Amino acid sequence: MNADLEPSWDLYRTALAVLEEGSLSGAARALGLTQPTVGRQIEALEAQLGVALFSRSQLGLTPTDAAQALRPYAETLRATSAALARTVRSEAEAISGAVRITASEVVSAEVLPAILTPLRHAHPALAVELVASDRTRNLLQRDADIAVRMTQPEQGALLAQKVGRISVGCYAHRDYLAQYGIPRQLADLAHHHLIGYDRLAAYMRGLGDWSEAFRPERLALRTDNSLVQLAAVRAGLGVGFCQHGLARRNPDLQAVLPQDIEIGFDTWIVMHADLRASRRYRLVFDALVTGMGEYLNGT
């Protein structure tokens, strides 16, 4: 045997098929190969082992003692290969284990729990790791398995499905508006308590005259935490931003200057394409697609 050349399982599998079927043609049918291919694989295995496995005559092939000695080990290899395949399939089909999701702070806290709750109840062996961050996580480097994104992914290795558009407007609590009045035009914002970012968000630059009113130095409350902004608006501290989908759930919030202030983000559910074969990842991906679609459509 050539010690530098270890025969592959494919060659042993072919030899086992010839032993079981009694001929090259029978082995070819069993393996879905051509007879010449089976013949070449037997010759390759004999060359690598340095022994003859079959005696050839007009009556066909007769296994040698070496072939008979090889047979139980080849059967063990076949059983092991089948067990490996079953294990991989079982892992891919199992709805258990962890799935790491990343989404913005507001979506993570306000939208995803209602989507994830029935999913977890139906599949209690499923564990969710939720990364609440307004930073875009790198799925190619597996910072997360699945992402809810407000930008269309460009990498071909990612599987992405658009679910709609997150629309954001200006809102205030009805008690605040009862005390300070309802702004009728953009200039009126100068007389109101505004809530916004400590550092002007990149997406707000160049959106129109209204964005000037929300420059950090003009704000009553400035924070880069979107959840804090939302909580301040709900508490009646002033005028700030809220997703329309969240405002629909809170009758105390009223739109402010909806004809002038509107921000929209196309929204995508994204995961690495390599994960699509795993049932648990696909299940979570599909649940997010359905749940985010219902949220964005107001259903």
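**Exercise 1.** Determine how α1 and helix α2 (residues 24-31) are arranged in this predicted model.

*Solution.* The two axes, lines fitted to C-alpha atoms over the stretch in contact, come within 8 Å. They cross at roughly 120°, on a scale from 0 to 180 degrees between N-to-C directions. Angles under 35 degrees count as roughly parallel, over 145 as roughly antiparallel, 65 to 115 as roughly perpendicular and the rest as oblique, so α1 and α2 are oblique to each other. Next, list the residues in contact (heavy atoms within 4.5 Å): R13, T14, A17, V18 and E21 of α1 meet L24, G26, A27, A30 and L31 of α2.

**Exercise 2.** Repeat the analysis for helix α1 (residues 9-21) and helix α3 (residues 35-49).

*Solution.* Their axes are 9 Å apart and the packing angle is about 115°. That makes α1 roughly perpendicular to α3. From α1, the contact includes D10, L11 and Y12; from α3, V38, Q41 and I42 are among the residues involved.

**Exercise 3.** Describe the surroundings of S133.

*Solution.* Second, its relative accessible area is 11%; because buried means under 20%, exposed over 50% and partly exposed in between (1.4 Å probe, protein chains only), S133 is buried. Third, leaving aside residues up to four places away in sequence, S133 touches A103, S104 and E105. Finally, a polar atom of the S133 side chain lies 3.1 Å from the backbone nitrogen of R135.

**Conventions.** Residues are numbered from 1 along each chain as its sequence is written. In this predicted model, local features need pLDDT of at least 70 and side-chain atom pairs count only at pLDDT 80 or more, while totals for chains, interfaces and linings use all residues; side-chain values use heavy atoms, without hydrogens and water.

Key
A polar contact is a pair of N or O atoms within 3.5 Å; within protein, one must be able to donate a hydrogen and the other to accept it, and residues adjacent in sequence count only if both atoms are side-chain atoms. Helices (H or I, at least four residues) and strands (E, at least two) are DSSP runs, numbered from the N terminus.
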